[in-house]
Amino acid sequence: MTVALAAKAGEVEVLHWWTSGGEAKAAAELKKMMQSKGHTWKDFAVAGGGGDNAMTVLKSRVVSGNPPAAAQIKGPAIQEWGDEGVLANLDDVAQAERWDQVLPKVVADVMKYKGHYVAAPVNVHRVNWLWANPEVFKKAGAKIPTTWKEFGESAEKLQKAGFIPLAHGGQAWQDATVFEAVALGVGGPEFYKKAFIQLDQGTIKSAKMEEALSTYKSLKKYTDKNAPGRDWNLATAMVIQGKAGMQIMGDWAKGEFLAAGKVPGKDFICTAAPGTSNAYTFNIDSFAMFKLTGDAAKAQKDLAATIMSPAFQEVFNLNKGSIPARLNMDMSKFDDCGKQSSKDFVATAKSNTLVPSWAHGMAMHSATQGAFQDTISQFWNTDSMTAKQAVEKLAAAAKVQ
Ligand code: GAL
């Protein structure tokens with residue numbers, strides 16, 4: 001199929017924030033594939049987990065009329081960029097490669113602006129995971145928690161045994177990642193949808209939300225004093241090295257364990273965050289393409305086709321910790337965490353408990369998300385702030401657009 005689209009070699013400049021061990025290995029696979037097709041890869045990596053820094057840099061590049069060929073842009077932000085009129089139309093590639101047939105409709109819809117493809121998805125990350133070091137748990141005589149109550153009990157045991165129970169990086173997006181998992185576990189998927197997708201004021205101001213906030217705040221005593229500002233992959237390293245027992249993080253964390261040569265089920269455990277085994281918060285990474293001309297535009301189309309090829313979707317996701325966005329992929333090379341994610345993605349889609357991760361730009365307008373994130377971090381960092389005060393702030397944040 002790609003033959004029909006065979007592009008003249010050109011340069012592709014690709015903006016991403018994949019600079020940690022596992023992330024960089026995954027990104028290198030795309031570079032390799034593009035280079036093997038004769039293209040020149042211009043790496044535009046902006047460090048900073050969650051991508052906040054990358055988005056700031058991207059805005060200034062686009063405003064100055066010099067966009068990259070492609071940038072990692074996700075979820076509703078694709079629509080915001082579409083509104084700016086700067087995205088390229090990828091319909092010809094999508095049609096030749098049958099994207100409508102090989103992508104789940106929920107995913108395809110996110111990649112389109114006004115019915116036209118403007119972005120290509122690379123993966124599906126699950127965000128509501130708990131990562132644990134079984135050796136540490138064994139030494140502490142603790143069990144892997146499946147509820148938030150058990151989480152507290154295990155954390156106490158880990159602490160008594162001299163371990164840091166929860167590895168955390170105090171950055172706004174990581175605070176939001178943890179809170180999102182707690183809120184899903186405490187309130188369930190219907191609560192989650194009403195609060196974070198419909199932004200329903202009644203739900204945001206409910207006693208459930210206060211309970212979710214209090215539960216979230218109760219985890220702080222299980223983190224260490226060096227948590228503020230720590231990068232997420234350094235928090236993962238604490239679990240890998242056996243200094244900490246657990247981390248609540250999306251499955252890009254698995255990329256770190258694997259890059260360190262660790263084996264799932266043996267050296268580390270992946271399990272749904274407490275109370276969330278029947279739900280799935282998804283985070284789909286995708287590359288939106290900017291309007292270009294000449295050979296660069298042709299190379300860009302080849303990039304889009306490469307991203308969606310089964311070979312790329314397999315090798316990229318084996319390194320990244322996520323699962324392919326393409327349907328009907330052979331999962332035999334994936335480990336148990338990947339297989340579990342794939343199974344749960346399908347099951348939760350059927351049971352209507354598959355929900356977009358707001359902490360990772362899948363649910364809200366970027367301005368609303370920013371206001372939510374600020375509130376959650378402020379609450380985490382301010383001991384005098386009550387859950388009730390945080391609820392009021394969230395209710396105001398829901399009106400920001
Ligand atoms: C997420 C992104 C992932 C991941 C993570 C940490 O927002 O979707 O691909 O790498 O940030 O950088």
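**Entry 1: the ligand**

I began at Asn283, where a polar side-chain atom lies 2.9 Å from an oxygen atom of the ligand. I was looking at a predicted model, in which local features need pLDDT of at least 70, side-chain atom pairs count only at pLDDT 80 or more, and totals for chains, interfaces and linings use all residues. Residues are numbered from 1 along each chain as its sequence is written, and side-chain values use heavy atoms, with hydrogens and water left out.

I then found a polar side-chain atom of Lys320 at 2.7 Å from a ligand oxygen. For Trp17, a side-chain N or O atom is 3.3 Å from an oxygen atom of the ligand. My cut-off for such a polar contact is a pair of N or O atoms within 3.5 Å.

How much of the ligand does the protein bury? Taken alone the ligand exposes 310 Å², and the protein buries 100% of that (areas by the Shrake-Rupley method with a 1.4 Å probe). I noted 14 residues around the ligand (a heavy atom within 4 Å); the closest are Glu23, Lys74, Asn283, Asp285 and Lys320.

**Entry 2: H14 and H15**

Next I looked up helices, which are DSSP runs of H or I with at least four residues, numbered from the N terminus. The axes (lines fitted to C-alpha atoms over the stretch in contact, with angles from 0 to 180 degrees between N-to-C directions) of H14 (residues 294–308) and H15 (residues 310–320) come within 5 Å and cross at roughly 65°. H14 and H15 are therefore roughly perpendicular (65 to 115 degrees). Thr306, Ile307 and Met308 of H14 touch Pro310, Phe312 and Gln313 of H15 (heavy atoms within 4.5 Å).

**Entry 3: H17 and H18**

I finished with H17 (residues 366–381) and H18 (residues 387–397), whose axes come within 9 Å and cross at roughly 170°. H17 and H18 are therefore roughly antiparallel (over 145 degrees). On the H17 side I listed residues including Phe372, Ile376 and Phe379, and on the H18 side residues including Ala390 and Leu394.

Key:
Helices (H or I, at least four residues) and strands (E, at least two) are DSSP runs, numbered from the N terminus. Angles under 35 degrees count as roughly parallel, over 145 as roughly antiparallel, 65 to 115 as roughly perpendicular and the rest as oblique. A polar contact is a pair of N or O atoms within 3.5 Å; within protein, one must be able to donate a hydrogen and the other to accept it, and residues adjacent in sequence count only if both atoms are side-chain atoms.
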